[in-house]
Structure formats: C-alpha cells, structure tokens
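Please read these notes with the model open beside you. Take the points in order and find each residue as it comes up.

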Amino acid sequence: MTGSWKIIQKSEDTSVINLNEELTVILTTHVLPSAPSTYFIEATIKSIKSRFSGIEGCKFMIYCDSDSTNHHHLEYVENLRNLKDVVVVDNSHEGVKISGLQKNYIKALKETTTPFAFCCEHDWKFLRNVDITGLIHFMKDHNNINFVRFNKRPNWKPHISNLAPGDQERYVWETYLEEKKDISFALMKTDSIATHPHIIRVSKFIEDWIDIASNPQPRLVGAVEQNLYSEYTKDIKSEGFEYAHEKWGVYVYGSKDDDKMITHQDGSDSGRA
C-alpha cells in the first residue's frame, strides 16, 4: 500500500458494494428567500449526481424544517414533492424558531435505515468528483472511520493557517489537519467536526453522539456541530489528540495535495461563504 494513498482514490474490490443498500442521501432545507422556487436544492442534487458516480440509485430524502405559517411554506413543500426521485418529509413547526440544522439532522438520522448517510444542506456545489463507492467500501472495512467531511478549503493547511479575508482566529475550529498515511484511501485527520457536507456512520451517531447533538442551544443556528465539536474538543484537551481522534474517527476527504471540494451558494442570504 506504500504511496497509493497519495495518488489513488480507489478502494480495492468495490464491485461488491451495492451503494443503494449502504447509503442514504439526506438533504436538509427550509423556506429560503427564493421560495417557493426550488432552484438551490435542485442545483445541489444535480451537483451531487454529477460528482458522485453511482449515487443516483440511492434514496434521496429531503427534510424541510420551516415555519408552517410562512406564506411560502406549503407551496415550497409542494414544489419539493414535485421533484423527481426524492422523498420529502415536512418537519415544520409553528412560529419563528432558529433551530438551524438540529431538528432536521437528528430526525433524518434516526429514520435512516442504511449504515451510512450523506448529509448535505440545500445550497452546496461540488467542484470535483468523489469516489463514493470506494469511500463507503473503505468505511465498511474500518469501523473507526465515522465521519468524513468534504472541505470548503484546500487540504494543504488547517483553517487556522489559511484564513480567508474576514476570518477571525477566535472563531476558527480547525487547528489540526494531517494526512493519514497508513491507509490505502486518502483521508485527512482533523480536530474539527462540522456539518458541511459529509458522510456519517449512522450507528455511531445513534449510539454515541445523538444525546450530545440533541443538547438544546436556544437560538443557536449551528447547534449540532457546536455540540459535537465542543465534546470532541474536550476529549482532545483531556486525553490528547490521538486518543480523541481514535475515539471519534473524524476525517476530511482527500489528500494534502487536494484543493477544496465544495463551495457554498448561500441560498439563505446569510452572508456566509
């Protein structure tokens, strides 16, 4: 296997994988400023299908968490249901709430019946091809790989060493990013767990992480990732990175030579890149 992790993003014997039995695609959404148009989520689905070979046979689930009294809500949900080859779950609530991803994310993973889930919000674009069959095959063979994130920055340096204009160090989570060299599939070890598009081992979430992720964070948009990141960071500080990383199994897709994998389309007009 020496050297193969640097240049090859293929796992051996991937032909035995039936991807539709292993992976569910979960797309989370809410009523966007562009609603009732489904432009952003359609573009995301198109991007996924064009970059993840073989994924079109997987179940695509859309979870919509919105204020049901919003005048665009019903039409937006109806338009989502009119999309081809998707199942839509109306996970709405009454009144304005800032639950962010939390409610949708947890419900979706609790209802997922495949071993792995590909979680993606409604407004991401993939820039390069992903060997999803090879990745799932590799995760099946390595039970300590639980969470693989697609990076919106180049893998060359951790975020703390690659600040974009406007980034403030005190808000940066990723301070460690290192290629894992003892495996045949290119992955990066990281100290940051964030809910940018990622593949997650469902059993790990249900058994070990769901109570952490469910911790209420009133009016905090990123409650799931904040909760998980805080707990992961505690383990790193108390036990050291290697121990904590082995316990959590959090990675970034690709090698240290790879450019960014995704870009954010900001369908919510949040101003976030």
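1. **Burial and surface.** A residue is called buried when its relative accessible area is under 20%, exposed when it is over 50%, and partly exposed in between, using a 1.4 Å probe and protein chains only. By that rule, 53% of the protein's 273 residues are buried. The accessible surface is about 13,100 Å². Carbon and sulfur atoms hold 47% of that surface. Areas come from the Shrake-Rupley method with a 1.4 Å probe, and for residues only the protein chains shown count as cover.

2. **What kind of model this is.** The model is predicted: local features need pLDDT of at least 70, side-chain atom pairs count only at pLDDT 80 or more, and totals for chains, interfaces and linings use all residues. Residues are numbered from 1 along each chain as its sequence is written, and side-chain values use heavy atoms, with hydrogens and water left out.

3. **Overall make-up.** The protein has nine helices and 11 strands. Both are DSSP runs, numbered from the N terminus: helices are H or I with at least four residues, strands are E with at least two. Contact means heavy atoms within 4.5 Å. Take the contacts with a separation of 6 or more: 78% of them link residues 24 or more positions apart.

4. **A parallel pair.** Strands β2 (residues 59-64) and β3 (residues 87-90) run parallel, joined by four bridges. Two strands pair if DSSP finds at least two bridges between them. Ile62 stands opposite Val88 in β3. From β2 the chain passes through helix α4 (residues 73-81) to β3, in a right-handed β-α-β crossover. Right-handed means that, with the strands pointing away from the viewer, the path from the first strand over the helix to the second runs clockwise.

5. **Asp85, on the way into β3.** Look in the loop between α4 and β3 for Asp85. Its phi is positive, about 60°, although Asp85 is not a glycine. Is Asp85 buried or exposed? Asp85 counts as exposed, because its relative accessibility is 56%.

6. **Thr29 in β1.** Thr29 lies in strand β1. Its relative accessible area is 2%, so Thr29 is buried. Which side chains does the side chain of Thr29 meet in polar contacts? One is Tyr76, at 2.7 Å. Another is His122, at 2.7 Å. A polar contact is a pair of N or O atoms within 3.5 Å; within protein, one must be able to donate a hydrogen and the other to accept it, and residues adjacent in sequence count only if both atoms are side-chain atoms. Beyond its neighbours within four places in sequence, Thr29 also touches other residues, among them Ile41, Ile62 and Leu80.

7. **A cis peptide bond.** The bond from Ala35 to Pro36 is cis, with omega near 10°. Pro36 sits in the loop between β1 (23-29) and α3 (39-51).

8. **Ile106 in α5.** Ile106 belongs to helix α5 (residues 102-111). At 11% relative accessible area, Ile106 is buried. Leaving aside neighbours within four places in sequence, Ile106 is in contact with Phe205, Ile210, Ala213 and Ser214. Ile106 and Asp211 are 105 residues apart in sequence, yet their C-alpha atoms are 9.9 Å apart.

9. **Asn227 in α8.** Asn227 lies in helix α8. Asn227 counts as buried because its relative accessibility is 5%. Its side chain reaches the backbone oxygen of Ala213 at 3.2 Å. Setting aside residues up to four places away in sequence, Asn227 touches Gln102, Ile212, Ala213, Ser214, Asn215 and Gln217.

10. **One face of α9.** Which residues of α9 are buried? They are Phe241, Ala244, His245 and Trp248. Seen down the axis of α9, these fall within an arc of 100°, so they line one face of the helix. The arc is taken over the directions from the helix axis to the C-beta atoms. An α-helix has 3.6 residues a turn, so residues three or four places apart point the same way. The cover over the buried residues of α9 includes β8 (187-190), α7 (202-213), α8 (223-239) and β10 (250-253).

11. **Glu246 and the end of α9.** Glu246 is in helix α9 (residues 241-248). Its side chain makes a polar contact of 3.3 Å with the side chain of Asn144. Glu246 and Asn144 are 102 residues apart in sequence, with C-alpha atoms 6.7 Å apart. After α9 comes Gly249, whose phi is positive, near 70°.
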